[in-house]
Amino acid sequence: RRKILISTQVMPVDLYDPAGLWGDMSAEKSKRGLAVEINNGRAAMLGIFGFMAASKVDGSVPALSFIKPYAGDYMQPFEGNFDLFA
């Protein structure tokens, strides 16, 4: 049998509230806030992927047809020859 680790066993801090600013929040409200934050992150990733697809393939995202495509290379940081201060 494999042991299932919960986040407190892996990480020493609460991922939703690492600074402890919302310490008086109930467990239910904290759980809901974490779920909302995860869903917001997922929506943001989908939005970024939509912009990336629209910039590479014309007409792939019809709702973004009014936005001028990005002329630069947004994948540059992931290539081997990237230097932030060059």
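I take a patch here to be made of residues with over 30% relative accessible area and no salt bridge, with nonpolar side chains joined within 5 Å. I apply this to a predicted model.

**Entry: surface patch**
I looked for nonpolar surface and found a patch of about 330 Å². M45, I48 and F49 make up this patch. I then looked up M45 and found this residue in helix α2, which covers residues 27-56. Is M45 buried, partly exposed or exposed? Its relative accessibility is 48%, so I put M45 down as partly exposed; the class lies between under 20% for buried and over 50% for exposed.

**Entry: G33**
I next looked up G33, which also has its place in helix α2. G33 is buried because its relative accessibility is 14%, and the cut-off for buried is under 20%. I checked the separation of G33 from D17, which is 16 residues away along the chain. Their C-alpha atoms are 9.8 Å apart.

**Entry: whole protein**
How many helices and strands are there in the protein? I noted 2 helices and 0 strands. The protein has 86 residues, and 7% of them count as buried. I have G33 down as buried. For the accessible surface of the protein I noted about 8000 Å². Carbon and sulfur atoms account for 63% of that surface.

**Entry: largest pocket**
I turned to the largest pocket and noted a volume of about 240 Å³. Which residues lie nearest its centre? They are A54, S55, L64, I67 and P69, out of a lining of 17 residues. I sorted the lining of the largest pocket by residue class and noted 11 nonpolar, 4 polar and 2 charged residues.

Notes:
Residues are numbered from 1 along each chain as its sequence is written. This is a predicted model: local features need pLDDT of at least 70, side-chain atom pairs count only at pLDDT 80 or more; totals for chains, interfaces and linings use all residues. Side-chain values use heavy atoms; hydrogens and water are left out. On a 1 Å grid over the protein atoms alone, a cavity is a set of points where a 1.4 Å probe fits but cannot get out, and a pocket is an open set with protein on both sides within 12 Å along at least five of seven lines; lining residues have an atom within 4 Å of a point. Grid points are joined across faces, edges and corners, and a volume is the space filled by probe spheres set on the points. Ala, Val, Leu, Ile, Met, Phe, Trp, Tyr, Cys and Pro count as nonpolar, Asp, Glu, Lys and Arg as charged, and the others, Gly among them, as polar. Patches are made of residues with over 30% relative accessible area and no salt bridge: like charges are joined within 9 Å, nonpolar side chains (Val, Leu, Ile, Met, Phe, Trp, Tyr) within 5 Å. Accessible areas come from the Shrake-Rupley method with a 1.4 Å probe; for residues, only the protein chains shown count as cover. A salt bridge is a side-chain nitrogen of Lys or Arg within 4 Å of a carboxyl oxygen of Asp or Glu. Helices (H or I, at least four residues) and strands (E, at least two) are DSSP runs, numbered from the N terminus. Buried means under 20% relative accessible area, exposed over 50%, partly exposed in between (1.4 Å probe, protein chains only).
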